[in-house]
Amino acid sequence: MIPWQELGKAHIPGENGELILRKRDTEYSIRFAATELMNSRVHGSEDALAELTCKRLQNTSALNILVGGLGMGYTLAAALEHSSSDTHVTVSELVPAVISWNREHLGHLAGFPLNDPRVSVQQGDVVKTIMSNKSEWDAILLDVDNGPDGLTRESNDRLYGMSGLKNVFYALRPGGILAVWSYGPDEGFTRRLKKCRFQTETVTVRSRKPGKGRRHTIWLATKPR
Ligand SMILES: C[S@@+](CC[C@H](N)C(=O)[O-])C[C@H]1O[C@@H](n2cnc3c(N)ncnc32)[C@H](O)[C@@H]1O
């Protein structure tokens, strides 16, 4: 068996713990403590997060999309693939090293999405970007953790609680979509979305294409027009 080679370690701003990037042959992995956050071989549901959202926005031109966070760039690449040439995508990533890793080691995995002229990178907390923009986004795609339960960052709970969801509601344009990736279902989160006036749909997607691997959950929550 080919051994793993460590390519980098990065502190997570504001938290205890670090992210570790490893490589084994053509496979890449980002871990947080004992948990694998991302593996380059498994990204069906990360792709689906963007694809499902963009399909629902097909009649909207010049989309303005926010992706949080970057990870290995699969969700970002899928947002670019499934939207038109006049779309703009802002990707918000908390950990500076993750942006460097994408430039130095990982870019080829998803077709170098950071080089696309439609992309802007914001290093920082996606919560701040959401809070500083009212009626700005056609879509906000969130895959910053294991889901509404958090894992790498307790403060990501600010995104998924009532006040966080209200901020997202105000940051979206009417008809805009909040899409959230999760390791599994969460009834409480669905209830909170509905309480915040989102029209909410929950979709189960597979981690490996086609129709293989673990079942992950994606919420597609639309701000009414
Ligand atoms: C599971 S990965 C995302 C995977 C990504 N969807 C892909 O396709 O590769 C989660 C990413 O979110 C970042 N992150 C965590 N909390 C964040 C926050 N509050 N704001 C922005 N990025 C965050 C992490 O550093 C990590 O790069």
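**Figure 1. Overall fold of the protein chain.** Seven helices and 11 strands make up the protein chain; helices (H or I, at least four residues) and strands (E, at least two) are DSSP runs, numbered from the N terminus. This is a predicted model, in which local features need pLDDT of at least 70, side-chain atom pairs count only at pLDDT 80 or more, and totals for chains, interfaces and linings use all residues. Residues are numbered from 1 along each chain as its sequence is written, and side-chain values use heavy atoms, with hydrogens and water left out. The C-alpha trace spans about 55 × 35 × 35 Å along its principal axes. A compact globule of 225 residues would have a radius of gyration near 17 Å, and the 16 Å of the protein chain agrees with this; the radius is taken over C-alpha atoms, and the globule rule is 2.2 Å times the number of residues to the power 0.38.

**Figure 2. The shell around the ligand.** Of the 23 residues around the ligand, those that come nearest are Met72, Thr75, Glu93, Asp143 and Asn156; a residue is near if one of its heavy atoms lies within 4 Å. At least two shell residues come from each of β4 (35-39), α2 (74-81) and β6 (88-93).

Figure 3. Polar contacts are pairs of N or O atoms within 3.5 Å. A backbone N or O atom of methionine 72 lies 2.7 Å from a ligand oxygen atom. For glycine 71, a polar backbone atom is 3.3 Å from an oxygen atom of the ligand, and for glycine 73 the corresponding distance is 3.2 Å. The protein buries 97% of the 600 Å² that the ligand exposes when taken alone, by the Shrake-Rupley method with a 1.4 Å probe.

**Figure 4. Backbone geometry in two loops.** Most residues other than glycine have a negative phi, and most peptide bonds are trans. Glycine 68 and glycine 69 are joined by a cis peptide bond, with omega about -5°. Glycine 69 is placed in the loop between β5 (64-68) and α2. Phenylalanine 112, in the loop between α3 (96-106) and β7 (119-123), has a positive phi near 55°.

Terms used:
Polar contact = N/O pair within 3.5 Å; in protein donor to acceptor, adjacent residues only side chain to side chain.
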